Amino acid sequence: MDNQNSTEQSFDPHKVDWILRILEWREKYISERTFLLWLALVTGVVSGFAALLLKWLIHLIAAMITSHIQINEGNYLYLISPIVGILLTMIYVRYVVKYNISHGVTRVLYAISQKKSRLKPHNMYSSVVASSMTIGFGGSVGAEGPIVYTGASIGSNLGSFFRLSPRLLMILVGCGAAAGIAGIFKAPIAGMLFTVEVLMLDLTAASVMPLLIASISGATVAYIFTGYDFEFFFSQSEPFITQRIPFVILLGVFCGFVSLYFTKMMNMMENIFKKVSNPWLKFALGAGILSSLIFLFPPLYGEGYSFITSLLNGDVSSLVEGSIFYGYRDHVWVMLAVVGMILLSKVFATSATNGGGGVGGTFAPSLYVGCIAGFFFAYLLNNLGILDTPLSTKNFALMGMAGVMSGVMHAPLMAIFLTAEMTGGYDLFLPLLIVSTIAYVTIKVFLPFSIYTMRLAQRGELLTHQKDQTVLTLLKMDSVIEKDFLTVSPEMSLKDMVNTISKSNRNLFPVLDKDDKLIGIVLLDDIRNIMFRPDLYRKLYVRKFMSMPPA
């Protein structure tokens, strides 16, 4: 009785009438295409503000925690703060949200392929809250996965409110994701390419304008409130020369193998955490690994964007600030070893953050690992003494960002434009193209799926670019196979056939023999001229007017 009363109270006919009036007015005065463009604009603006809020929360929390860090020695605060962040996030997700919100990009892909692009309303804010706590307190993950999840949910729920079809909902989901990337990186072109290459939406006449509008509006919000500075400050003091192209090609191969290592180790660590059923044991394992790694290598704290900026400007000593290795900042080979250990351990810090209960993405870690990989590559060759003139560590760090991102995400175009838009490194466009393409080709030899699509591919739930495969993926066998047929036998008279027809909702009747083998069918249209003749009821039998089943 109480359930009935609560149901009656929750149903508000006036609210339904109000929504229906809006929908009727829209259908009468605004075309579907025009309305979609307006919704794309709204989605882009709201997602842009969500990206701003997420960045502000992360920086606010991180600034409060790291303001007392000593740069010339190890800091035990690094052992505590990541544990607190994961614990708060775990409590929030487990007891407030009560829904798994990790792996945001994978969940958006799953919603597109399996849920008709519908996402839950709480996804419009839950990932922002959870990831800001995780990253602000030191979780070694990125904010891009959560903001993609948030933006996609904004587009999905906005479209669902106006009762849009799944096809248009898919476009709005892509708009939200594109706007989130564009807003957090100030990279509108990369935002659109992310939707095309990672979310696998086809770039058609119907989708290109909404995606562009959403990306541009998301980036515009960021520019208005944070200025026109690039996300990472990079000044190219050393011009690129064509004699360096062989080294650029080698860097591309190196980034491809680094991407392979990152993806494989991430997958392995996720499988390890899946085997741990107790959530508190997962928390203890993940938080313990993360805090230990951050104590040894402080650049693993949070997104690590400040260290990316340092490497893009040739400052390697910043990698040991606040660590036990600070006294060795002038020792080249110790610094080289530290850079190499950060390169190898970042994937463990990221997977431990998510596995322990934190919320964050692998987008920023792939950028971070790419920057470290490019820097390590050039720094190593320069100190081996085999080059007449040294390589530019700044330029190679920038190229490495595009290479590893291209390999990890299987998105070479997005990696190229995102790197250029974030840093202003357009003068390095040719080497960016080379590194990104070769890294992508290298990893494709070993892995057919990106780090995002691999999880869905393992479960057979992946939506692909190919239209035929897309149709088959979206096609549900339960909705295709029809079972509500009344069967008849060859010996059944026309009278019995008419009685069967009166009980059926179908126009087709399978004819089965004694062994329940299909031997024919009866179509209502074929017997319409005789079914109302009582004189034939006892004279005609099903075997006389049935037809052979179609192939």
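Visitor: Is Phe254 buried, partly exposed or exposed?
Guide: This model is predicted. The relative accessible area of Phe254 is 25%. Buried would require under 20% and exposed over 50%, so Phe254 is partly exposed.

Visitor: Which class, buried or exposed, does Phe377 belong to?
Guide: Phe377 has a relative accessible area of 12%. The limit for a buried residue is under 20%, so Phe377 is buried.

Visitor: How many aromatic pairs does the count give?
Guide: Rings of Phe, Tyr and Trp pair if their centres lie within 6.5 Å. By this rule, the number of aromatic pairs comes to 15.

Visitor: Is the pair of Phe185 and Tyr305 stacked, tilted or edge-to-face?
Guide: The two rings are 6.4 Å apart, centre to centre, and their planes are at 45°. Planes under 30 degrees apart count as stacked and those over 60 as edge-to-face, so the pair of Phe185 and Tyr305 is tilted.

Visitor: How many residues apart in sequence are the parts that Phe185 and Tyr305 tie together?
Guide: Phe185 belongs to helix α8 (residues 166-185), and Tyr305 to helix α13 (residues 305-312). Phe185 is buried, with a relative accessible area of 0%, and Tyr305 is buried as well, at 11%. The pair therefore ties together parts whose separation in sequence is 120 residues.

Visitor: What is the geometry of the pair formed by the rings of Phe254 and Phe377?
Guide: The centres of these rings are 5.8 Å apart, and the planes meet at 35°.

Visitor: Which helices hold Phe254 and Phe377?
Guide: The pair ties together parts that are 123 residues apart in sequence. Phe254 lies in helix α11, and Phe377 in helix α15 (residues 363-384).

Visitor: Which residues do ring pairs link into a cluster?
Guide: Phe185 and Tyr305, a tilted pair, both belong to this cluster. The residues linked by ring pairs are Phe185, Phe194, Phe232, Tyr305 and Phe363.

Visitor: What is the volume of the largest pocket?
Guide: The lining of the largest pocket has 35 residues, divided by class into 13 nonpolar, 11 polar and 11 charged. Helices that each supply at least two of the lining residues include α4 (77-97), α5 (104-114) and α11 (245-274). Nearest the centre of the pocket lie Asn100, Ile101, Ser102, His103 and Arg107. The volume of the largest pocket is about 850 Å³.

Visitor: Which residues are closest to the centre of the largest cavity?
Guide: The largest cavity has a volume of about 60 Å³. It is lined by 10 residues, which divide into 2 nonpolar, 7 polar and 1 charged. Those closest to the centre are His103, Gly360, Gly361, Thr362 and Tyr452.

Visitor: What is the value of phi for Lys98?
Guide: Most residues other than glycine have a negative phi. Lys98 is in the loop between α4 and α5 and is exposed, with a relative accessible area of 64%. Its phi is positive, near 60°.

Conventions. Residues numbered from 1 in each chain as written. Predicted model: local features only at pLDDT ≥ 70, side-chain atom pairs only at ≥ 80, totals over all residues. Heavy atoms only, no water. 1 Å grid on protein atoms, 1.4 Å probe; cavity = no way out; pocket = protein on both sides within 12 Å on 5 of 7 lines; lining within 4 Å. Points joined across faces, edges and corners; volume = space filled by probe spheres on them. Helix = DSSP H or I, 4+ residues; strand = E, 2+ residues; numbered from the N terminus. Nonpolar A, V, L, I, M, F, W, Y, C, P; charged D, E, K, R; others polar. Phe/Tyr/Trp six-rings, centres within 6.5 Å; stacked < 30°, edge-to-face > 60°. Buried < 20%, exposed > 50% of the residue type's maximum accessible area, 1.4 Å probe, protein only.
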